[in-house]
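Visitor: I am new to this structure and would like to learn how to read it. Could you show me?

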Number of protein chains: 2
Amino acid sequence: MQTRPKRILIADDEPDILEIIEYNLTREGYDVYTAKDGNEAIERAKQLNPDLIILDIMMPKKTGIEVCQVLRSQTLFQDTLIIFLTALNDEMSQIKGLETGADDYVSKPISPKVLISRVTALFRRINKEEGKSLSIGNIGIDPARFMVTVDNKDVVLAKKEFELLYLLASKPGRVFLRNEILSQVWGTDIIVGDRTIDVHIRKIRQKLGLDCITTVKGVGYKFEL
Amino acid sequence: MQTRPKRILIADDEPDILEIIEYNLTREGYDVYTAKDGNEAIERAKQLNPDLIILDIMMPKKTGIEVCQVLRSQTLFQDTLIIFLTALNDEMSQIKGLETGADDYVSKPISPKVLISRVTALFRRINKEEGKSLSIGNIGIDPARFMVTVDNKDVVLAKKEFELLYLLASKPGRVFLRNEILSQVWGTDIIVGDRTIDVHIRKIRQKLGLDCITTVKGVGYKFEL
DNA sequence: TTTGCATGGTAACAATATGTTTACACAAAA
DNA sequence: TTTTGTGTAAACATATTGTTACCATGCAAA
């Protein structure tokens, strides 16, 4: 299924950074557009309706955070992906503290490889959410409605629970290592204990009322009826 | 599928940092080596051929960036992973870091947890080589599912059992010495008794219900139908 | 605001699967 | 026969996971 190239808007006031990112993302097959300050970012976002916006925090006219807030207040950009570029650690913590509605953060200095991997990861995540519902045996998983059904009866899962189940069910039978699960569901930077996975697995098993998740000791978990 | 421990070279002129990183990564099971300036880093890299090099930017003799450039110019280090350690706000090194082809960066002050998570993430990304499934006669061995099938019936093996079987089956007919088996499945550091292999072999034979592993007395074992 | 609830993370402990060693029987070779 | 190596079962130790309870947080309703 061939889709149109994803449109990416980058806003940063440093031409070097802009150029490097543009070069790398273009090479990956994206349609890349640029803006060099906050106001231009908003303006171009409106005319381009990009799939992803990469915002530097420190920009003239409007900061990335302000841009994000402006955009998020409009329904058009409700689902647009936004990545923040941050230079400083305290910026990072500041952002994370705030409810900014960004989908990811990348700190400077930017490694093109890391950025690309984050971008593709984000698009992949979105594709999954848009992907049609999974149906394995008597279990239905509908990312669009964020719902799971067992024997056509609705089961309500919390966010993390759902994401975890969806990940496992996306490749039934395949074993997911604990590491894989952590980075896919929790992200690479977030550090949580090992027991966390167990607890969520348990909750899923409990709520679904059937044993569709198999433990592979010393390795990970897999979805299996 | 125990692979040899990944080799990591850390270069930093601050002994404290070096020690903290070394301690944490060693505890994670990596083989860790250190260097305290740029020249030593290059030298040790050449003799060790590490899988990952962690370079502080600010070092005597040669900066991390220079080290990176030197190494990257050689085909041997073309695919070696490189992580930069950067102090905050170091704009210059940021820009140059981008051009030198580092795979990731971690900013100081260093959180061991974050560093470890980045390191494992990097290795995982590189490790796309998931073992291939084997199929010998009526036996199927699928590392992705961590499953063995005999006549299309699933057989559940424990981790070590699976790894052992996978090793033997990877080269049917070939005899693996007890030493080889130990180092491949258990690793070089771990010391276990001789009977341990026997016991696992026995469990595999038992679970598979057929004799596909042949004993070569005084030598080792081989997989054979 | 306060309250209550849902969520998610963690610690502590229990339960269980797995791995290792021991001990000994047996078979083959010297 | 003696020696050496291997198979087997059971005991033991350990690692891994399951489970529960508790706390912090955020959010929504009152």
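Guide: We will go through sheets, helices and cysteines in turn. This is a predicted model, in which local features need pLDDT of at least 70, side-chain atom pairs count only at pLDDT 80 or more, and totals for chains, interfaces and linings use all residues. Residues are numbered from 1 along each chain as its sequence is written, chains are lettered from A and ligands numbered from 1 in the order in which they are written, and side-chain values use heavy atoms, with hydrogens and water left out.

Visitor: What holds the strands of a sheet together?

Guide: Backbone hydrogen bonds pair them, either parallel or antiparallel. Strands (E, at least two residues) and helices (H or I, at least four) are DSSP runs, numbered from the N terminus; two strands pair if DSSP finds at least two bridges between them. In chain A, three strands form an open, antiparallel sheet in the order 10-12-11. Strand 10 (175-177) and strand 11 (213-216) of chain A are its edge strands, each pairing on one side only.

Visitor: How many bridges join strand 11 and strand 12 of chain A?

Guide: There are four, and strand 12 covers residues 220-223 of chain A. Across this pairing, A:T215 stands opposite A:Y221.

Visitor: Which helix lies across strand 10, strand 11 and strand 12 of chain A?

Guide: That is helix 6 (residues 159-170) of chain A, at about 70° to strand 12 of chain A. Such angles run from 0 to 180 degrees between N-to-C directions, with axes fitted to C-alpha atoms, for helices over the stretch in contact; contact means heavy atoms within 4.5 Å. Helix 7 (residues 178-186) of chain A also packs on the sheet, touching strand 10 and strand 12 of chain A.

Visitor: In what order do the four strands of the open sheet in chain B stand?

Guide: The order is 6-7-8-9, with antiparallel pairing. Strand 6 (134-136) and strand 9 (153-155) of chain B have a single partner strand each, so one side of each lacks a neighbour in the sheet. From one strand to the next, the twist averages 20°. Strand 7 (residues 139-142) and strand 8 (residues 147-150) of chain B are joined by four bridges, and B:D142 stands opposite B:M147.

Visitor: How many disulfides does the structure hold?

Guide: Over all chains, zero; a disulfide is a pair of cysteine sulfur atoms within 2.5 Å.

Visitor: Is A:C68 buried or exposed?

Guide: Buried means under 20% relative accessible area, exposed over 50%, and partly exposed in between (1.4 Å probe, protein chains only). A:C68 has a relative accessible area of 0%, so A:C68 is buried. B:C212 is buried too, with a value of 0%.
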